[in-house]
Amino acid sequence: MKLSFLGGTGTVTGSRYLLSDDHHRMLVDCGMYQGVKTLRRRNWAPFPVEPSTINAVVLTHAHIDHSGYLPALVKNGFKGKIYCTKATHELCKVLLPDAGFLQEEDARYAFRKKFSKHEKPEPLFTEKDAREALKHFESVHYHEKFEPVKGFEVSFTPAGHILGSACVHVHHKEDDRTVVFSGDVGRQDDIIMRPPEPLQHADVLVCESTYGDRTHESSDPEGELADIITKTAGRGGITLVPAFAVGRAQMLLYVVHKLMGEGRIPKMPVYLNSPMAIRATEIFCKHHKEHKLNRAQCELIDHNTEFVRTVEESIELDSVRYPCVIVSASGMASGGRVLHHLKTLLPNARNSVVFAGFQAPGTRGDALVNGAESVKIHGEYWPVKAEIHSLHSMSAHGDYNEILSWLEQGNLKPEQVYVTHGEALASDIMRKRITEKFGWPAEVPDLFQEVEI
């Protein structure tokens with residue numbers, strides 16, 4: 001069995017891993033690249049392996065950097081099945097068509113405003129392509145063994161990160177070898193998600209390293225958010241929170257309403273302006289047994305949030321001048337409705353923008369948290385006068401201490417660890433920490449590197 005690293009190396013986006021033997025090819029994750037332009041260009045390059053030769057895809061979770069290239073893969077000839085957990089399937093029904101719609105919308109906007117170098121900008125894939133890809137999906141329960149291709153026995157265990165998130169265990173029957181893909185690993189004490197399930201066996205482990213070079217601040221994120229919202233409202237401003245539609249948006253809404261109920265922030269309207277996040281919130285409430293919040297706590301989010309569904313309602317929200325909280329996608333301000341709010345709110349010092357989690361290099365979120373005086377949105381530069389805040393302790397990724405603690409909880413003794421899904425420095429530091437703590441051989445693979453399992 002061979003493992004090829006087709007993405008997710010040297011960066012936190014574009015996760016794609018290919019397992020193959022003499023007869024079959026199976027892809028684990030099929031993500032889009034996000035962030036700096038040099039990474040985004042990779043989305044437009046021919047897929048490293050002819051899609052029609054891939055027999056099956058297995059997903060760790062629904063985030064676009066792990067699932068977002070699937071419509072393009074199907075469009076370009078993939079004909080097999082796509083396997084994931086049930087919640088991941090439901091979330092992909094929301095995320096993928098929305099991603100296709102945004103691709104089309106961005107292409108149309110670029111054409112109207114003439115800020116693309118292409119005469120007629122084309123989307124990477126369309127909403128129709130995404131719905132075609134969804135016909136290939138098949139959902140599986142956690143711990144249920146299945147055989148996506150002959151000779152590859154696969155199962156999922158909870159990874160904690162977001163709803164439906166899983167570690168992927170692949171046992172190659174002929175070689176009697178097991179490789180485990182961590183996917184994105186959740187926190188040990190997350191506000192809403194349960195901790196990742198300990199791993200019991202792996203001959204080879206592929207482990208993420210998003211926070212491989214740092215720990216989350218040992219602070220009170222709820223207290224920090226309460227202070228920001230209260231001070232912003234006190235000067236008549238609006239608090240805008242760019243948030244990932246899945247996971248982060250639901251956590252933030254829960255915390256905001258909790259703070260309001262406890263009297264720690266003033267009562268004010270709370271808006272969720274993202275059709276994708278609205279549907280993800282409904283799925284989150286439906287699957288309440290998979291996270292820490294009970295049905296009543298989910299209803300607290302649902303009943304007290306004003307859902308902004310239409311484009312007209314979104315435009316109207318941009319004219320609001322009274323204190324409120326707006327949660328809108330995307331989490332790194334790389335696209336979506338949040339861009340229109342940023343254009344309205346950034347130039348005014350009364351407002352605050354709060355980023356709650358990792359900001360990939362090259363994204364607007366990264367530029368803003370690192371002190372940019374202006375940011376480019378839709379071809380124009382907008383001055384940054386609003387207060388910018390970053391709450392790393394609200395991240396859904398475990399830091400290196402939490403990942404090491406998680407690895408220690410099981411009975412692992414892998415012969416080899418490959419450290420991926422991190423910036424170069426983060427991955428290398430994570431590699432060193434794993435070797436120093438456990439004595440396991442660890443390596444940071446290169447893009448397109450192929451290894452024997």
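Guide: A helix here is a DSSP run of H or I with at least four residues, numbered from the N terminus. The model is predicted.

Visitor: By what distance are Arg431 and Asp428 separated in helix H14, in turns?

Guide: Helix H14 covers residues 424-438. Arg431 and Asp428 are 3 residues apart in it, so about one helical turn separates them. An α-helix has 3.6 residues a turn, so residues three or four places apart point the same way.

Visitor: What makes the contact of Arg431 and Asp428 a salt bridge?

Guide: The cut-off is 4 Å between a side-chain nitrogen of Lys or Arg and a carboxyl oxygen of Asp or Glu. Here N to O is 2.9 Å. That is within the cut-off, so the pair counts.

Visitor: Which salt bridges does Arg264 form?

Guide: One is with Asp220, with the closest N and O atoms 3.8 Å apart. Arg264 sits in the loop between H7 and strand E13, and Asp220 in the loop between strand E11 and H6, so the bridge ties together parts 44 residues apart in sequence. Another is with Glu222, also at 3.8 Å. Glu222 belongs to helix H6, so this pair ties together parts 42 residues apart. Asp220, Glu222, Lys258, Glu262 and Arg264 are linked in a network of salt bridges.

Visitor: Is Glu222 buried or exposed?

Guide: Buried means under 20%. Glu222 has a relative accessible area of 13%, so it is buried. Arg264, at 35%, counts as partly exposed, and so does Asp220, at 41%.

Visitor: How do you know that the span of helix H6 agrees with its 14 residues?

Guide: At 1.5 Å a residue, residues 221-234 should span 20 Å. The end C-alpha atoms are 20 Å apart, so the two agree.

Visitor: What covers the buried residues of H6?

Guide: The cover includes strands E12, E15, E16 and E19, and helix H7. Among the buried residues are Leu225, Ile228 and Ile229. H6 runs at about 165° to E16.

Visitor: In what order do the 6 strands form the open sheet?

Guide: The order is E14-E13-E15-E12-E16-E19, with parallel pairing. E14 and E19 stand at the edges with a single partner strand each, so one side of each has no neighbour in the sheet.

Visitor: How many bridges join E12 to E16?

Guide: There are 2. At least two are needed for strands to pair, so E12 and E16 qualify.

Technical notes. Residues are numbered from 1 along each chain as its sequence is written. This is a predicted model: local features need pLDDT of at least 70, side-chain atom pairs count only at pLDDT 80 or more; totals for chains, interfaces and linings use all residues. Side-chain values use heavy atoms; hydrogens and water are left out. The expected span of a helix is 1.5 Å times one less than its number of residues. Buried means under 20% relative accessible area, exposed over 50%, partly exposed in between (1.4 Å probe, protein chains only). Contact means heavy atoms within 4.5 Å. Axes are lines fitted to C-alpha atoms, for helices over the stretch in contact, and angles run from 0 to 180 degrees between N-to-C directions.
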